[in-house]
Amino acid sequence: MRVTGINADRRWSESMPVAYEQYLVPVVFRPFAEDLTARAAALRPRRILELAAGTGVLTAELLAVAPSAEVTATDLNEAMVAFGSTRAPGAVWRQADAQRLPFPDGGFDLVVCQFGVMFFPNRIGAFTEVRRVLVPGGRFLFNTWGPLGTHAFEVTLQAGLERAFPVEPPRFFQTVPHGYADPAVVAADLAAAGFAVEDEQELTLQGRAASTADLAIGYLTGTPVRAAVEERGDAPAVRVTVIDEMTARLGPGPVTAPMTAYVFRAAA
């Protein structure tokens, strides 16, 4: 069934954060949030701006390790802001576009972003905005996924999508989450925006899923691939096929698999 109309769009946007938080955050995003939080805490920030905060997994970690810091969390998606503000109410939450930040110059000493820069249509423009809202010498700390082949869960997910759609399968994960996976390109974009890259690391962490089926459901209902599936086929049948393929490759669960990302720290 294709999702159309204002009400249907609202149902989709409001339900996606719930699935994302339940099925994907504990397995895929919390391990990296804990790592990024430790790096942020070492900088002893006082005023933190978070971009693409999603459901607030990094936000909550930042509030816990830096209780004296002022944390402002933003996301382009209003449904994410609404959900995240209930999960991490200690932060100030705002809907904001990273390419047009509604904050004055020099308002923060640290900007953080977990797996969000890949979604910025104009990355150099967004990075320039980040530098604008940082104090001189302020830091920009973020991570981005490595190539699709370095993320074992999403490799099997893509295999399931290709089995469900033998002709022109959805390639969202290849082109967007894993579409900014060349560290040299990221570093060049930072330099073009006026940043000095202080640190760049490749980091592989383990994701631990209790159920492969739940993980598949999370990807199919809690990410933008949901719309592609619903527009192109029978979503329940696609779900069965994807779960079957992922289970054949990973087992039913519990399952542990490696996920690789790059972590950058740049100075304004």
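## Two helices crossing α10

Helices α8 and α10 are oblique to each other (angles under 35 degrees count as roughly parallel, over 145 as roughly antiparallel, 65 to 115 as roughly perpendicular, and the rest as oblique). The axes of α8 (residues 212-222) and α10 come within 9 Å and cross at roughly 135°; axes are lines fitted to C-alpha atoms, for helices over the stretch in contact, and angles run from 0 to 180 degrees between N-to-C directions. On the α8 side, Thr-212, Ala-213, Leu-215, Ala-216, Ile-217, Leu-220 and Thr-221 make the contact, and on the α10 side Arg-239, Val-242, Ile-243, Met-246, Thr-247 and Leu-250 do so; contact means heavy atoms within 4.5 Å. These residues divide into 9 nonpolar, 3 polar and 1 charged (Ala, Val, Leu, Ile, Met, Phe, Trp, Tyr, Cys and Pro count as nonpolar, Asp, Glu, Lys and Arg as charged, and the others, Gly among them, as polar).

This is a predicted model, in which local features need pLDDT of at least 70 and side-chain atom pairs count only at pLDDT 80 or more, while totals for chains, interfaces and linings use all residues. Residues are numbered from 1 along each chain as its sequence is written, and side-chain values use heavy atoms, with hydrogens and water left out.

Helix α5 (residues 152-164) also packs against α10 (residues 235-250): the two axes come within 8 Å and cross at roughly 135°. That angle makes α5 oblique to α10. Their crossing is right-handed. From α5, the residues Phe-153, Thr-156, Leu-157, Ala-159, Gly-160, Leu-161, Arg-163 and Ala-164 meet Val-238, Thr-241, Val-242, Asp-244, Glu-245, Met-246, Arg-249 and Leu-250 of α10. The contact of α5 with α10 comprises 9 nonpolar, 3 polar and 4 charged residues.

## The sheet

Seven strands form an open sheet in the order β3-β2-β1-β4-β5-β7-β6, and the pairing is mixed. The edge positions belong to β3 (92-95) and β6 (196-209); each has a single partner strand, so one side of each lacks a neighbour in the sheet. On average, neighbouring strands are turned by 20° against each other, direction ignored. Helices (H or I, at least four residues) and strands (E, at least two) are DSSP runs, numbered from the N terminus, and two strands pair if DSSP finds at least two bridges between them.

Strands β1 and β2 are paired in the parallel sense over 4 bridges, with Arg-47 opposite Glu-70 of β2. Strand β5 (residues 134-145) pairs with β7 in the antiparallel sense over 7 bridges, and Leu-141 has Arg-265 in β7 as its bridge partner. Helix α4 packs on the sheet and touches β1, β4 and β5, its direction making about 145° with that of β5.

Strand β2 is largely enclosed by the rest of the structure, because 5 of its 6 residues are buried (under 20% relative accessible area; exposed means over 50%, and partly exposed lies in between, with a 1.4 Å probe and protein chains only). Ala-73 lies in this strand, which spans residues 70-75, and is buried at a relative accessible area of 0%. Beyond its neighbours within four places in sequence, Ala-73 is in contact with Glu-50, Ala-53, Thr-59, Ala-91, Val-92, Trp-93 and Arg-94.

Leu-76 belongs to the loop between β2 and α3 (78-87) and counts as exposed, at 55% relative accessibility. Leu-76 and Ala-96 are 20 residues apart in sequence, yet their C-alpha atoms are 5.1 Å apart. Leaving aside neighbours within four places in sequence, Leu-76 is in contact with Gln-95, Ala-96 and Asp-97.

## Backbone exceptions

Most residues other than glycine have a negative phi, and most peptide bonds are trans. Arg-44, although not a glycine, has a positive phi of about 50°. Arg-44 sits in the loop between α1 (5-41) and β1 (47-51) and is exposed, with a relative accessible area of 73%. Phe-115, likewise not a glycine, has a positive phi of about 50°. The loop holding Phe-115 lies between β4 (108-114) and α4 (123-133), and Phe-115 is buried, at 6% relative accessibility.

The peptide bond from Gly-253 to Pro-254 is cis, with omega near 0°. Pro-254 is part of the loop between α10 and β7 (255-267).

Methods:
Left-handed = near helix turned anticlockwise from the far one by under 90°.
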